[in-house]
Amino acid sequence: MSLGSLPPFSTSPAINIVTMNVIFTLLALIVSAEAFSASTPPPGAPPTSKGPPGAPPPPTRVQRVLDATFNAAFSGLYLFDRSGVKDSSKNLRVLWTRALLDRQGRLEDSVAFQLLPRGTRRIISWPFTKAWRLTSKYDWIVDRTNFIDSEVDAFLEEFKEGERQVVLLGSGYDTRSMRYISEGLKFIEVDLPDVIATKIKLVNRYVGPRRGEISDVAYVPFDLNGAAGVSLVDTLTKKGGLSLDVPTLVVCEAVMFYLAPPAAKAAFADLFSKNFAKYVIVDNLAKLGVTPGGPPTPNVHEERCKKWVEEENDKIVTKHDEIWNGAIHFVAAESRK
């Protein structure tokens, strides 16, 4: 039986819709809880953290219940899948969400849909596309995608020819290496070993029977929390073939939530010490000393971010925005000429 003939996890469209609404509602609740916790932490770990100083905070009881329920429901989407993808992590959740947002016309990422199992992805296809309910919390996925894509576009427009590199920190199941095809362009993706292993399976699904195109990619299995003791740039150079002499764009998208402050600081100190052409960061920066919250003074969060980027690291902020009272920053920066 081919992948194309595999049955969905339910033969009833009505059950499929109800199941997927449950899944996306749970995911929305998880995103909301994470967003709320991200909007108030002091530098380092929140005071409620039970882990070592500066470690990521443990999940709350509500988050654990939501995660367990979500995983149970989400597993049905891969019940008949033969690719070997058994992951129900946040990376895979985001992939499904991006695929649905693309089908709804809210962002452009048709590749995300192609990475999903043929047997179950039909439940976010027409005529069911408009049936799914996504809360406004998903607007930040749309906004961060558009912001980063615009910076990738600008980078490729400025450096049109020759070798170019895009480094994706905590790449997860990012689709840009399949959405941006250009001669001389190389992507270097770094993430946890198990995430990289699953990403390779997803890519094989895309480039196999469909003969989909993909840029030159180097996958670097590396826990970014190890950056406090091991040079990230050296790791990318040795394992990913990073060149310090090629125009490079460094992308950091929603990674800081999962790093301890020493690792986050060491990673960016290392990256900023090199004169890479461009940097684009969409993330919570509290662990890097850019604290959220405070009085609603105009431009207060932008000034805090510029202090970190420009005064402490000698780069230039070219674009800045923020949401949730400075919990998430949208930053484009470049090295001084």
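The protein chain exposes about 15100 Å², and carbon and sulfur atoms supply 55% of that surface. Keep in mind as you look around that this is a predicted model. Of the chain's 337 residues, 53% count as buried. The fold is built from 11 helices and seven strands. Among contacts with a separation of 6 or more, 69% join residues 24 or more positions apart.

Let's step inside. In soluble globular proteins, nonpolar side chains tend to be buried together. Here the largest nonpolar core has 35 residues, and L169, F268 and W308 touch the most other members. Helix α10 (residues 261-272) gives this core its largest share, five residues. For a closer look, pick L169: leaving aside residues up to four places away in sequence, its contacts include V190, L224, V250, F268 and L271. There is also a second, separate core of 27 residues, with Y138, W140, L185 and F187 among them.

Now for the charged side chains, which form 16 salt bridges. One of them pairs D139 with R106, with the closest N and O atoms 2.5 Å apart. D139 lies in helix α6 (residues 139-158) and R106 in the loop between α3 (90-103) and α4 (110-114), so this pair links parts of the chain 33 residues apart. D139 is partly exposed at 33% relative accessible area, and R106 is partly exposed at 29%.

R179 sits in helix α7 (residues 176-179), 30 residues from D149. D149 counts as buried because its relative accessibility, 9%, is under 20%, whereas R179 is partly exposed at 22%. Both belong to a salt-bridge network that also includes R98, D109, R144, D174, R176 and E253.

Terms used
Residues are numbered from 1 along each chain as its sequence is written. This is a predicted model: local features need pLDDT of at least 70, side-chain atom pairs count only at pLDDT 80 or more; totals for chains, interfaces and linings use all residues. Side-chain values use heavy atoms; hydrogens and water are left out. Helices (H or I, at least four residues) and strands (E, at least two) are DSSP runs, numbered from the N terminus. Buried means under 20% relative accessible area, exposed over 50%, partly exposed in between (1.4 Å probe, protein chains only). Contact means heavy atoms within 4.5 Å. Accessible areas come from the Shrake-Rupley method with a 1.4 Å probe; for residues, only the protein chains shown count as cover. A nonpolar core is a set of buried Ala, Val, Leu, Ile, Met, Phe, Trp, Tyr and Cys residues joined through side-chain atoms within 4.5 Å. A salt bridge is a side-chain nitrogen of Lys or Arg within 4 Å of a carboxyl oxygen of Asp or Glu.
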